[in-house]
Amino acid sequence: MMKRIFIYLLTLLFIVAGCSDTTSSDGNKNPKKNEAPKEKVLKVAVDSNPAVFDPYKLSTNSELVISQPIYNTLLRFKTSSIDIEDIEGGLAEDWETSKDGLTWTFKLRKGVQWHHGYGEFTSADVKYSIERVMDPELGSTSRENFKQVDKIETPDSYTVIIHLKQPDPAFLQSICGPAIVKKEAIEDNEKSGEIRPIGTGPFMFEEFKQNEKAVLVKNKDYFLGEPKLEKVEIHFMTDLTAIEIALKNGEIHMGPGLYEPAWLEQMSKNKDLTLDVSENGVFWGLYLNTSVDIYKNMNLRKAIAHAIDIKKYVKSRRLTAVEPKSVINSAVRGAYDAHYQYDLKKAKKYLKEAGYPNGVKLPEMTIPNLASFKGGAEFIQEELRKVGIELPLKSVDMASWVELVYSNQNPSTTVGLAAFGEAVVPFRSMFYGPSSMGQPTAIYNLTHFHEADRLIEQAETEIDRQKLDDLYKQIVEKIHDAYVVIPYVEGRSPLIRSNKVDLGYDFKSTMIYMYYITEKTDLK
Amino acid sequence: MIKYFIRRTLLTIPTMFLCITIIFFCLRVVPGDPALIMLGENATPEAVEGLHKAMGLDKPIWEQYLTFLNDTLQGDFGKSIYSEKSVSKQLIEAFPHTFNLALMSIFIACIIGIPLGIVSARKHNTLFDDGLRVVSLIVLAAPAFLVGIFLLIVFSVQIPLFPSMGVGNGFFEKIYYLILPSITIGTGIAAALIRFMSSSMIEEINKDYIRTVRAKGIPEKLVFYKHALRNSLIPVVTVIGLNMTGLLSGAVIIEMIFSRPGLGSLALDAIFARDFPVVQGSLILFMLIVIIVNLLVDLSYSLLNPRIRQS
């Protein structure tokens, strides 16, 4: 009998291997056990699984990390910069705008080749790409940025002229957004159902394995020079402890960091690793929905604003947080100083004036079941309790929370938003009346604030720098005086990399929650 | 035997139909719109409408259900609403990884659990038995994620014997990459098997037919391994079957810790993103696995005990 059981078990072991997918690959043997790889393969860990590969529908950081080295844009921010002054040519060598700001002319690079033999990049590709973003049926996340585009002309293969309906101060940064794609490649992918992104970037897509990794290979013909790395492997590792272990073990070279102070301290002491913190961050605020009766009470909003000790929260987050400077992300051009002073006496006074001398129980606030949301919300809950304001919290999964927010059923919420460039973009989506949640024209106005609508409309078409800055100042003041958003922290994304990685640029900031991978990135 | 098999198989048809219907409607009732998740803070109503159309979510629910039912009966689970990749293809890619992990874990559980369970029964109420009971209870109480992280730190970081991530290439490398995750899961199941095997064996040993065998003067080893073991394996097979189904659908934590692809992570990501076709496909596959494994467990009873076959 025991012999038979042993035979059964041995058969089981062989089935295990027999059922293996022979095409599955990894190559991530423990480097301490194996010799150094012959090829220069950069291994990047991302903490989510990608689902979308169309560059106009990307939303998670893994999707952004995969697409960044594959595609190019017409113009771009210098690597690791988010400063508008640092915009440089990408696929366009040169550009100019008419005095009225309505016509933009782009001169394209010649001889740029599409990956995998899709031919030479031309102006037709630019026209197709921008029109594709604008197509409402595609549902692109960038469509709103191109609402002022009237028509696109391509007088020759290397010139693109974009006509706007109205001047747009944010147009230059908008044009840095959408990846330029090849019509034939998109159509081929649609026909075959295969995942095969085609771009003009330093790395070409090689393979994708669901929940495992994506592999990119170098584009030897890259127009800015042959990449130094042979391959880039992007591993999908949803457990941050696993990322930490793999980093320490040398199985991956770079990955996202944790926001935990103990982790940061431990990593900063590790001699084999470099800890970087992105200069730009996520602006976190408590948004009070003024379409809900209780939050129409200005004195109550004031009481809430003055009851939260932001400094205490920022201190607890150590390296990864700074005090918010304004009512929007400080990386935004137009984020003028505006903050609320922590003052419990004032908070109590306003609470009394609001008609709640003995305290008040606020409507339940629903937040996503994520540590990033929970930490701030629970801190606010404790702070408010000190002045007699009770804020019940409920956490749900992200999808349920999104639906609740979009149907305008959440009386208040905390949310973190990343933004850079011209302030008019976040102002329009977050503080413009028609953008209020629940309305047919809703974008992301969580507070239903509308007192600065006229100013925002003016700013949207103002291309005079001085006048635009004046408008921004007035808008910030109005938002601040309305006490609809209580900023509580600006989070900085921590990233970690092996000392073997030479980024090829000075790291300052990132908008993809990961290091940028360029043709100059190398492994020592 | 064949009649029994056919009858059991036919019974699965209404079960499957009911499950498929429940799966479809449950997903539609759960709050969360995939278009909103995808568009994030840029979700203008126009963009949402555009995406709904592209995803086929603009059609009436009954139309969506009939299409789903028709496609499912033809083995077509549709395409992911995000990646537009065939769901069947995604399931085929993910299944072997989870299946391998489950089989290897069961293998480890069996090679540890069954012999130790027998020894424990033979040395019932001795110091060894008591010690084994304490150890198995500790292992049973330890959550798998904790065991996994502990093994990673010890055998991947401190003593770099095993890789901490990935699935490997080829026969031996795949086995090598499976060792730590399988031990993580397998030890937990082994602890349960030890207890089941031991108590089942003790129960068998005290039965009349064993007393008769002993009275005939049959050596004790033969009494244990030839006569008692076979019958005492019945509850053990049940435990293995139950764990197998649980493993196939619930290995997600281990897949996360060891950064392995698999059905668990595929389904979990799809649930969070409300990727209905992928969730539906995964759940239908889980359902089929549960039905098939239960069927196999039932059939194995009859193999182990002819009396069950006859009845």
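**View 1. B:Ser200 in helix H8 of chain B.** B:Ser200 is found in helix H8 of chain B, which covers residues 170-205. Do keep in mind, here and in every view below, that this is a predicted model. With a relative accessibility of 8%, B:Ser200 counts as buried, because the cut-off for that label is under 20%. If we set aside neighbours within four places in sequence, B:Ser200 is in contact with B:Ser232 and B:Pro235.

**View 2. A nonpolar patch on the surface of chain B.** Here you can find B:Ile2, B:Phe5, B:Ile6, B:Leu10 and B:Ile13, which form a nonpolar patch with about 510 Å² of accessible area together. One of these residues, B:Phe5, lies in helix H1 (residues 2-29) of chain B. B:Phe5 has a relative accessible area of 38% and is partly exposed.

View 3. Helix H4 of chain A, residues 171-175, holds A:Gln173. Is this glutamine, A:Gln173, buried or exposed? A:Gln173 is buried, at a relative accessible area of 15%. Not counting residues up to four places away in sequence, A:Gln173 touches A:Phe77, A:Ile84 and A:Ile87, and also A:Phe420, A:Gly421, A:Glu422 and A:Val425.

**View 4. The largest nonpolar core, and another one.** The largest nonpolar core has 166 residues, and those touching the most other members are A:Ile304, A:Leu362, A:Phe427, A:Phe431 and A:Tyr444. Helix H5 of chain B (residues 87-122) gives the most to this core, with 16 residues. Another core, of 65 residues, lies apart from it and includes A:Leu42, A:Val46, A:Val126 and A:Val160.

**View 5. Strand S16 of chain A and its partner.** In a regular strand, side chains alternate between the two faces of the sheet. Look along strand S16 (residues 365-368) of chain A: A:Met365 and A:Ile367 point one way, while A:Thr366 and A:Pro368 point the other way, and all are buried. Which strand pairs with S16(A) in the parallel sense? The partner is strand S18 (residues 393-396) of chain A, over 4 bridges. Within this pairing, A:Thr366 stands opposite A:Lys394 in S18(A).

**View 6. Helix H6 of chain A.** To pick them out on your screen, look for A:Ala242, A:Ile243, A:Glu244, A:Ile245, A:Ala246, A:Leu247 and A:Asn249. Just after H6(A) comes A:Gly250, with a positive phi of about 80°.

Conventions
Residues are numbered from 1 along each chain as its sequence is written. Chains are lettered from A and ligands numbered from 1 in the order in which they are written. This is a predicted model: local features need pLDDT of at least 70, side-chain atom pairs count only at pLDDT 80 or more; totals for chains, interfaces and linings use all residues. Side-chain values use heavy atoms; hydrogens and water are left out. Patches are made of residues with over 30% relative accessible area and no salt bridge: like charges are joined within 9 Å, nonpolar side chains (Val, Leu, Ile, Met, Phe, Trp, Tyr) within 5 Å. Accessible areas come from the Shrake-Rupley method with a 1.4 Å probe; for residues, only the protein chains shown count as cover. A salt bridge is a side-chain nitrogen of Lys or Arg within 4 Å of a carboxyl oxygen of Asp or Glu. Helices (H or I, at least four residues) and strands (E, at least two) are DSSP runs, numbered from the N terminus. Buried means under 20% relative accessible area, exposed over 50%, partly exposed in between (1.4 Å probe, protein chains only). Contact means heavy atoms within 4.5 Å. A nonpolar core is a set of buried Ala, Val, Leu, Ile, Met, Phe, Trp, Tyr and Cys residues joined through side-chain atoms within 4.5 Å. Two strands pair if DSSP finds at least two bridges between them.
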